[in-house]
Amino acid sequence: GISGVLFFVTRWQAHVREYRRTRLLQEQTMRLLSFVMAGKGPDAEDVDAVPKEMVEEMIGRTSFWYVFEEFIGNAEEQRTLTQQFFVTVCEVFFALSPAFFVFMLNQILEKSYRRDQCEYQSDLCKCRSSTFGVLYFTSGVTLLLDVYYITFLIDLGWHYLGVSYNIFRRILRHLLYLFISISIFFSICGIMVVLLFVIIGVAVKPAVTAPFAITIGGTALVAILLTVKLLKFQMRVSRAVTKNIALYKTQVADAVPKEVLDAVMGKNIKQALHANGLSLPGLLKIVLVYVVSMTAIFFFLFTGFQAFTDASDLNSSLINDAILLITVVGSYLVCVADGDANEMGHRTELLNEKIMESLQKTLDMMVAQIVTAKKAVKSMKRQMEEDQMAEDDSDSDDSDLKRKK
């Protein structure tokens with residue numbers, strides 16, 4: 001449990017640090033665009049050159065909710081009321097997800113323990129209203145979850161109200177991360193306990209528990225394989241697009257500085273991948289659709305098993321297990337094992353061409369604007385130099401006239 005929490009915390013901190021570093025360098029480049037055009041801009045890898053005020057502002061801006069909004073789309077885009085409502089619902093569900101499993105297990109433990117202890121008590125009402133034994137632990141977990149709910153609601157409200165990153169918001173942000181870490185810890189421990197009881201159940205009563213083991217284990221395994229397949233496809237397309245972008249950069253290197261292209265192209269590539277369903281939220285949506293579809297199929301099958309078969313009969317149980325296993329294997333063949341490497345390469349090329357076609361117009365327009373701006377800066381600089389020379393000549397003529405007088 002602790003190792004799992006440390007893994008999630010480490011990955012989150014690394015992601016946020018890299019994101020802040022990239023955004024700071026991009027904003028620094030665009031802020032000093034005139035110097036970059038003249039070849040005197042900041043080092044693209046030197047984050048220490050960024051002013052401290054910009055660093056503090058970036059830390060305050062990139063809260064938990066901001067990073068999540070950037071993950072599912074663009075945190076700074078203008079949204080309609082419907083889009084904002086959808087984003088808010090996603091944020092609430094995402095914040096509740098680490099605590100949901102803990103809440104369910106805590107309720108089950110409390111009800112089971114209270115029912116077992118109060119079964120033979122003379123005063124049942126008093127027993128059900130009192131706290132004793134394990135119930136002190138469940139009450140503590142309930143209190144912890146309540147504090148977590150209040151913390152994330154306040155922090156989410158401050159995020160939407162645009163409250164400055166003062167000492168109170170700084171403390172609240174750290175409390176939110178602390179409660180999320182605790183929830184993840186309890187969730188991992190609960191999952192391990194449930195898996196342990198599932199293994200014991202399969203060993204003690206295989207005929208009863210095997211269908212559930214095949215259903216849950218098979219769906220989880222295929223979902224993991226599907227996720228790996230989608231991530232590989234995303235990486236192949238992303239590498240192909242990045243290669244084409246690098247080739248385009250060499251073609252316009254004389255007209256546009258590399259730092260400017262890097263600063264403005266990062267989000268364009270991300271948006272292009274998102275528009276074609278290759279962002280992480282798009283991949284998660286595909287996996288979620290698969291899980292929901294399999295859940296509906298298994299619900300239909302289990303309803304039929306319960307209505308027309310006897311679970312205690314060995315032959316019926318084997319037939320039910322075979323049907324469930326065929327369903328899992330069929331979902332694997334349809335969703336994961338569809339096509340060979342050649343087909344995957346062909347799909348990568350098609351999607352790469354589609355993305356580059358949409359990016360090409362943006363790139364050409366951006367380069368044209370930058371070239372025009374560069375010419376305008378040079379023209380203004382030349383005009384300023386000519387005005388300065390004319391002013392110097394006028395001052396020189398005035399001084400000559402004064403000497404003659």
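The following conversation goes through several features of a predicted model.

Trainee: Why is Asn 320 called buried?

Mentor: The relative accessibility of Asn 320 is 7%, and buried means under 20%, so Asn 320 counts as buried. This residue is found in helix α12, which covers residues 314-335, and, not counting residues up to four places away in sequence, Asn 320 touches Phe 305 and Thr 309.

Trainee: What makes Phe 305 and Thr 309 contacts of Asn 320?

Mentor: A contact requires heavy atoms within 4.5 Å, and Asn 320 is in contact in this sense with both Phe 305 and Thr 309.

Trainee: What makes a set of residues the largest nonpolar core, and which of them have the most contacts inside it?

Mentor: The members of a nonpolar core must be buried residues of kinds such as Leu, Tyr and Phe, joined through side-chain atoms within 4.5 Å, and the largest such set here has 14 residues, with Leu 226, Tyr 290 and Phe 298 having the most contacts inside it. Helices α9 (206-251), α11 (280-308) and α12 each supply at least two residues of this core, and α11 gives the most, with seven residues. Leaving aside its neighbours within four places in sequence, Leu 226 is in contact with Val 287, Tyr 290, Cys 335 and Val 336. There is also a second, separate core of 13 residues, including Trp 65 and Phe 179.

Trainee: How do you know that helix α4 is mostly covered?

Mentor: Helix α4 spans residues 64-72, and seven of its nine residues are buried; each of those seven has under 20% relative accessible area, because that is what buried means. The buried residues include Trp 65 and Tyr 66, and also Glu 69 and Glu 70.

Trainee: How many residues of each class are in the lining of the second largest pocket?

Mentor: The lining has 10 nonpolar, two polar and no charged residues. The pocket holds about 320 Å³ of space, and α5 (81-118), α7 (135-161) and α8 (167-204) each give two or more residues to its lining.

Key. Residues are numbered from 1 along each chain as its sequence is written. This is a predicted model: local features need pLDDT of at least 70, side-chain atom pairs count only at pLDDT 80 or more; totals for chains, interfaces and linings use all residues. Side-chain values use heavy atoms; hydrogens and water are left out. Helices (H or I, at least four residues) and strands (E, at least two) are DSSP runs, numbered from the N terminus. Buried means under 20% relative accessible area, exposed over 50%, partly exposed in between (1.4 Å probe, protein chains only). On a 1 Å grid over the protein atoms alone, a cavity is a set of points where a 1.4 Å probe fits but cannot get out, and a pocket is an open set with protein on both sides within 12 Å along at least five of seven lines; lining residues have an atom within 4 Å of a point. Grid points are joined across faces, edges and corners, and a volume is the space filled by probe spheres set on the points. Ala, Val, Leu, Ile, Met, Phe, Trp, Tyr, Cys and Pro count as nonpolar, Asp, Glu, Lys and Arg as charged, and the others, Gly among them, as polar.
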